[in-house]
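Welcome! Have the viewer open beside you, and work through the exercises below one step at a time.

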Amino acid sequence: MEILQVRHLSKSFGDHEVLKDIDFTVNKGDVTAILGASGSGKSTLLRCINLLETPSAGQILYHGEDVSTMNPAQYRSHVGMVFQSFNLFANMSVLKNCMVGQMKVLKKSREEAEKTALYYLDKVGMTPYIHAKPRHISGGQKQRVAIARALAMNPEVLLFDEPTSALDPEMVGEVLSVMQELAREGMTMLVVTHEMAFARDVSTHVVFMADGIICEEGKPEEVLAAPKHHGRAPEHLHIDADDHPDKLEEKALHSVVLLGVGDGVEHAAGKADDTADQGSRHRQNQGVAHSHQVLHPKGVPQPAHVHD
């Protein structure tokens with residue numbers, strides 16, 4: 001069943017065209033990993049889908065209805081978003097962070113909102129911290145609270161915008177394990193990520209973006225190991241089941257060049273961030289398996305200060 005349809009979507013900031021004629025469909029139960037070099041338009045695409053940015057052209061359809069005609073708050077209760085910088089309300093406890101959206105948007109009673117919040121906080125392993133303020137918990141714990149907050153709105157689709165990019169390497173695994181569990185339970189998810197092991201092992205569909213276009217999409221094994229534009233990748237670029245996570249991102253970035261989408265992409269693919277590579281090696285030393293982080297955290301506006 002089709003839930004979201006993105007049709008000929010474009011987005012420009014002034015003279016700079018960030019998204020160019022984007023077109024794809026999200027079906028119920030899909031876990032879609034959106035990959036690509038920094039600046040390829042991945043986060044802007046998610047922000048357009050969540051109505052945080054207004055597309056310059058094209059349509060986004062939710063169950064066949066143009067989302068531009070819908071109430072944004074009500075729409076976001078069905079299509080939730082988890083940000084890379086958490087966006088928790090600093091003046092509220094963990095529990096109240098997960099209650100406020102239910103009460104203000106879904107018009108739930110305090111008792112009902114608390115019951116739902118407690119259920120999802122337990123689901124992500126945050127029950128011991130329900131009375132803590134965000135400043136008192138770790139980055140990984142903040143992101144788990146953000147996931148619980150999104151789930152408490154009972155969304156049909158969850159959007160993840162580089163959810164591990166702001167985390168210390170040793171915190172990445174705890175967030176990915178929550179996301180893997182959601183995938184096993186059938187949650188429909190769109191995940192902007194550089195976590196190549198997650199894309200390979202958990203996603204059902206991969207979208208590879210470069211220079212504002214979708215240059216490849218399909219099943220993970222097709223996109224990551226055998227891009228259609230140029231047949232099979234050279235043997236040393238194949239992403240195999242026994243690849244160490246430290247090899248995955250390097251292979252995926254090199255595979256962008258194989259897609260033949262311009263010198264700009266090759267330039268971007270060739271400039272993997274040295275600091276992120278050091279973070280990857282640090283994660284390996286810490287014994288965190290099956291994750292690799294080469295992300296460039298981008299500033300996400302913090303939420304307005306909300307009071308009870």
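Two strands pair if DSSP finds at least two bridges between them. Helices (H or I, at least four residues) and strands (E, at least two) are DSSP runs, numbered from the N terminus. This is a predicted model, in which local features need pLDDT of at least 70, side-chain atom pairs count only at pLDDT 80 or more, and totals for chains, interfaces and linings use all residues. Residues are numbered from 1 along each chain as its sequence is written, and side-chain values use heavy atoms, with hydrogens and water left out.

**Exercise 1. Find how β1 and β2 pair, and over how many bridges.**

Step 1: Locate β1 at residues 2-13 and β2 at 16-27.
Step 2: These two strands pair in the antiparallel sense over eight bridges. Opposite Leu9 you will find Ile22 of β2.
Step 3: Look at the hairpin, where two residues lie between the strands; Gly14 there has a positive phi near 65 degrees.

**Exercise 2. Work out the strand order of the open sheet, and which strands stand at the edges.**

Step 1: The sheet has four strands in the order β2-β1-β4-β5, with antiparallel pairing.
Step 2: β4 (residues 57-62) pairs with β5 over two bridges, and Leu61 has Asp66 in β5 as its bridge partner.
Step 3: β2 and β5 (65-66) are the edge strands; each has a single partner, so one side of each lacks a neighbour in the sheet.

**Exercise 3. Decide whether the residues of α1 are buried or exposed.**

Step 1: Buried means under 20% relative accessible area, exposed over 50%, and partly exposed in between (1.4 Å probe, protein chains only).
Step 2: α1 covers residues 42-49, and eight of its eight residues are buried. Among them are Lys42, Arg47 and Ile49.
Step 3: For the chain as a whole, 53% of the 308 residues count as buried.
Step 4: Just after α1, Leu51 takes a positive phi of about 65 degrees.

**Exercise 4. Describe how α4 and α5 pack.**

Step 1: α4 (residues 110-123) and α5 (residues 139-152) pack at an angle of about 135 degrees, their axes 9 Å apart. Axes are lines fitted to C-alpha atoms, for helices over the stretch in contact, and angles run from 0 to 180 degrees between N-to-C directions.
Step 2: Angles under 35 degrees count as roughly parallel, over 145 as roughly antiparallel, 65 to 115 as roughly perpendicular and the rest as oblique. The two helices α4 and α5 are therefore oblique to each other.
Step 3: In contact (heavy atoms within 4.5 Å), Thr116, Tyr120, Leu121 and Lys123 of α4 meet Val145, Ala148, Leu151 and Ala152 of α5.
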